[in-house]
Amino acid sequence: MSGALAVLQHLMKVPMVETASPSPDTSQIIARGHPTDNELLAFYRSEIRFETEVVNGRLQALLGSQAFLVIAYATAMTGSTKRWGDSMVLLLPPLFSLLGFVLALMALPGIRAAYAAIGKWEGKQRNLHTRSPDLTDFTLAPNEDETRDMMRRAQRGALFAHQAPFIFMIAWAIFGIIPFYLYLK
């Protein structure tokens, strides 16, 4: 028992999450007026990290809202009672569909804007690497071929984020039609 307690106490002292690199204090860099290349690289990476967290937060919000609405939609579709009749099945599911469609539509510009900002910061970072060859050790793509390959992989990786709102809009359009189709059948 005491061995397990000692291990638990040791684990509680160990930080669970550590940042890869400390974010630069931008106010100090700006106050000095001429940041070093290393400071610029750290700043660019912190901005890329921030924008990545923003897009991840927006995606999580989109997925959470859509999951909730799918559950509400399914419940409304199966929740027909004698008291309410078919009127609720014709009212609620289309409203949930409209809400899901609008939320997906509203998420699209925010996701695109975050990816555009990431692209701009990555462009500045690439220019810095080109201008300062001594920073080549601080990149995963030290030459043009590897840079293009990394960019291609990043675009494929971002495919879900870019297309998820469209997929949800198509699904909600179909879900909005289903109650009327079933009612008229």
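The expected span of a helix is 1.5 Å times one less than its number of residues. Helices here are DSSP runs of H or I with at least four residues, numbered from the N terminus. The model is predicted, so local features need pLDDT of at least 70 and side-chain atom pairs count only at pLDDT 80 or more, while totals for chains, interfaces and linings use all residues. Residues are numbered from 1 along each chain as its sequence is written, and side-chain values use heavy atoms, without hydrogens and water.

Helix H6 covers residues 159-184, and its 26 residues should span 38 Å at 1.5 Å a residue; the end C-alpha atoms are 38 Å apart, which agrees. At proline 165, H6 bends by about 25°, the bend being the angle between axes fitted to the seven residues ending there and the seven starting there. Pro165 is also one of the buried residues of H6, which include Ala161, Met169 and Trp172. Buried means under 20% relative accessible area, exposed over 50%, and partly exposed in between, with a 1.4 Å probe and protein chains only. The buried residues of H6 pack against H3 and H4, where contact means heavy atoms within 4.5 Å.

Helix H3 spans residues 37-78 and holds alanine 72. Alanine 72 has a relative accessible area of 15% and is therefore buried. Its C-alpha atom lies 8.1 Å from that of proline 93, 21 residues apart along the chain.

Helix H4, residues 87-131, contains methionine 106. Because its relative accessibility is 59%, methionine 106 counts as exposed.

Technical notes: Helix = DSSP H or I, 4+ residues; strand = E, 2+ residues; numbered from the N terminus.
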